[in-house]
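Here is a short briefing to read with the structure open beside you. Take it topic by topic and find each residue as you go.

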Amino acid sequence: MTNCLGSLPRQHLLHRLHAIQRQHRHISPQAMQQTAAELNIPLSQVAAVVEFYSFFSTQPRGRFDLLLSNCTSCGYRAGSENLLELLCQQLQTVPGKTRADGLVSIGETSCIGMCDHGPSMLINDSPVTGLNAAKLTQIARLIADEIPVPQWPAAWFEISDTVHRRDLLLSNPLIPGNALQQAFQQDASETLAVIQQSGLRGRGGAGFDTGKKWQFCREAPGNAHYVVCNADEGEPGTFKDRYLLREYADALFEGMTLCAFVIGAQQGFVYLRGEYRYLLPHLQAELNHRRKLGLLGTNILGQAGFDFDIEVVVGAGAYICGEESALIESLEGKPGIPRIRPPFPVTHGYWGQPTVVNNVETFIAAAQIALHGASWFKASGTAASAGSKLLSISGDCGKPGIYEYPLGVIIRQVLNDCGAADAQAVQIGGLAGVLLGPAEFNRGIAFEDVATGGSVLVFGQQRDLLAIHRNFAQFFAHESCGFCTPCRVGTQLLKNSLDNIAAGRGSPNDLEELRQLGQIVQHQSHCGLGHTATNHVLDGLRQFPQVFSNRLQSQFTARFDLDQALADARQITRRDDAAAHLDNE
Amino acid sequence: MMTTGVDTIRIDGEEIPFTPGQTIMDAALAAGVYIPHLCHYPGLPPSGNCRLCVVETGNRSVAACITPAAAGQQIISDTPELNATRKAITQMLFVEGNHICPSCEKTGNCKLQAMAYHLGMLDDHFPQSYQRREIDASHPEILLDRSRCILCDLCVRASRDVDKKNVFAIAGRGTHAHLIVNAPSGKLADTPMAVTDLAATICPVGAILIKEKGYEVPIGQRIYDRQTICETGLQEYTDKPIIKKHQSE
């Protein structure tokens, strides 16, 4: 990209801010001013972006900056111990604060997509997996001795992708250029017709007809058309895109190029979640390889006038950017606040131009369909849900990992295959999906039944489901963009209410309160985040009411801890003697 | 005048004409039908953040201020259920900030307070969050008290689109969302904001106040002592003060 003067290459705001954060451990007011001046944008825009994304900080972070995942599968409480507390004790610091000497900061972050690897964290942008008490002791020592991260044991940073079941997509490797060559033998409209006939629907979970999306975009007037890959795999429990980006990046780029051919785009973007920044060098190498092969750039594969290239833009820690219009806002260097729709991105997307936004898996499926044909794809799956689906399975199961099934597969079969036959419950479709108990394990995974972007979180018999609900509620309160009232306030109220119930301060009336609050957030919110944020509570109240009711007090109970409420007064008066506390009878 | 072929929608059974490009809110206000709203102001681009104007059409809940009117739309708005939900959203706004009406200069002129009366709100219902929010008293003539800000974005839009000064923005995520000032110091005094700006007077609550104007109109004679928010909401549409301000400049 070039700036308005068309001379110097202009860095993306998120990349510029990441570089500053990396170098100075924070983004100072002076750095914000300088950035605003360099990029010729309002200072308030830079400040709003810095405050919106979790990975930017206005206060210095440690030289060793650790972010432990708080997901139920790869989080610091996924095992028996609270690893965050343990590590903070060992390094004599508190969560969320930088140690006075600036050596280390330890915080928590939403799922980092390492759910098949056990408790995991990011340290200075790199993932360390398989955390346990013993490994944390070693890590604490390395940090105390100030051993640079690149000198830490290489094995700690290894990611092993375990694929337990392959179907349509994963058993047919794509040779670079083959799908494009096939498409070039026809024209763009014929290629579009193949995608339309295949019945391919968006793999992100919403399931919009891909062929229709491409057609609407192709027909929409504009100065330019854009192809955007949503690689903001933020739904806790999903890590199949991490695998696809590592192993099938070329097929992804092929699918994006195919889409560009159909809609008439010259520029594509991969929006990569900040948690996956470590994949950036690999993706750039793959892009360069394709450029060398003539599969990106000008006159692709000798097709006169077909020019297309792809840029990777890396996010900075915001789940909401998985929502396509928020993603586009982020691509434009703004906070990820979902737009008013309509108009939809197919007609008014990136900088107001017609834009296709599809999931990683969707583009790979499109490339395969272009090569193998529509009937090859439709032969798998159900009438309304053609093809296969990658599932990321984790939690209380014997064999976590990637599973590819034909759509329509019965949940019970999936649970049997992954070694979770006696599951208490399963959350399908991520935290925004549905919570199902054994009575519903006979349902199928398909757009017409249980739709999913690929996340399957398994909860065994010994799991405390209220703790799961609290974890989910905290996630949404943290990730709500804050734009609309019901989601901004409602997700916080819901989190507080569940915390209260868990603390033994809930009354019978609270169940009805939870239900009403859940429905308000679900129906009144602006975007998909709010529409789904309270699904888990509503599902839980319906299927597992005892999870909540067991913790309620039969008599009236104050919502707050009266003694705790006096903490501020004690601090001000510098008293902490017995008389400064309530008699907690 | 064209009497046939005019596109119409129905709100609570009442047939309402609209012109292409109008939202449900535009069409409703033009026809004298009030749909509760706080973040909408006729003449400014709509935002859709307060969600008070959510109505039902088909089986969908949509915000009237950002949803285009479409021929034949059947809309449900003024029902006990939807008004109960609107009351709950108003209560959410009350407990999120620090709204102490008796000590606020805006009392009687405050849209949030008027909305609460309109919807029959008698208590906060939800627990207070007691947020600590920064006050900016740097400007000689304008006070910014974020305690009362409901993040409606009206001052942001007014300053950017009408005053052409781009003084405000909203930063932060979730409950950390807050109004920021577009100046290196982050202070209002270091912006070109003036009392004559639309952004100085459009605040529906007491977050942006003109200094040294305490209680000039006594309590009992203030806007919502004399009129309901339905009446002022419809007047804002017919009077079109923003468009007039545009034209006069």
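In the largest nonpolar core, which has 237 residues, A:Leu252 and A:Cys259 touch the most other members. A nonpolar core here is a set of buried Ala, Val, Leu, Ile, Met, Phe, Trp, Tyr and Cys residues joined through C-beta atoms within 7 Å. Helix 10 of chain A (residues 249-263) supplies the largest share of this core, eleven residues. Please keep in mind that this is a predicted model, where local features need pLDDT of at least 70, side-chain atom pairs count only at pLDDT 80 or more, and totals for chains, interfaces and linings use all residues. Residues are numbered from 1 along each chain as its sequence is written, while chains are lettered from A and ligands numbered from 1 in the order in which they are written.

**Terms for the core and the chain**

- A residue is buried if 20 or more other C-beta atoms lie within 10 Å of its own, exposed if 12 or fewer, and partly exposed in between, with C-beta atoms placed from the backbone.
- Helices (H or I, at least four residues) and strands (E, at least two) are DSSP runs, numbered from the N terminus.
- Two residues are in contact if their C-beta atoms, placed from the backbone, lie within 7 Å.

**Chain A as a whole**

- Leaving aside neighbours within four places in sequence, A:Cys259 is in contact with A:Trp214, A:Val227, A:Val356, A:Phe363 and A:Ala366.
- Chain A has 23 helices and 14 strands.
- The radius of gyration of chain A is 25 Å, close to the 25 Å that the globule rule gives for 585 residues, so chain A is as compact as a globular protein of that length. This radius is taken over C-alpha atoms, and the rule is 2.2 Å times the number of residues to the power 0.38.
- Of the 585 residues in chain A, 52% are buried.
- Among contacts in chain A between residues at least 6 apart in sequence, 71% join residues at least 24 apart.

**Domains of chain A**

- The assignment, which is automatic or from a database, gives domain 1 (64-155), domain 2 (164-378) and domain 3 (388-459).
- The C-alpha centres of domain 2 and domain 3 of chain A are 26 Å apart. Their contact takes 20 residues from domain 2 of chain A and 25 residues from domain 3 of chain A.

**A sheet in chain B**

- Three strands of chain B form an open sheet in the order 6-7-10, with antiparallel pairing. Strand 6 (135-136) and strand 10 (208-210) of chain B stand at the edges with a single partner strand each, so one side of each is left without a neighbour in the sheet.
- Two strands pair if DSSP finds at least two bridges between them; strand 7 (residues 142-145) and strand 10 of chain B pair over three bridges.
- B:Ile142 has B:Ile210, in strand 10 of chain B, as its bridge partner.

**Backbone details to look for**

- Most residues other than glycine have a negative phi, and most peptide bonds are trans.
- The peptide bond from A:Arg341 to A:Pro342 is cis, with omega near 0°, and the bond from A:Pro342 to A:Pro343 is cis too, with omega near 5°.
- A:Pro342 sits in the loop between helix 12 (324-331) and strand 9 (355-359) of chain A.
- B:Asp12 has a positive phi, near 50°, and lies in the loop between strand 1 (8-11) and strand 2 (14-17) of chain B.
- B:Asn166 has a positive phi of about 50° and is partly exposed, with 18 C-beta neighbours inside 10 Å.
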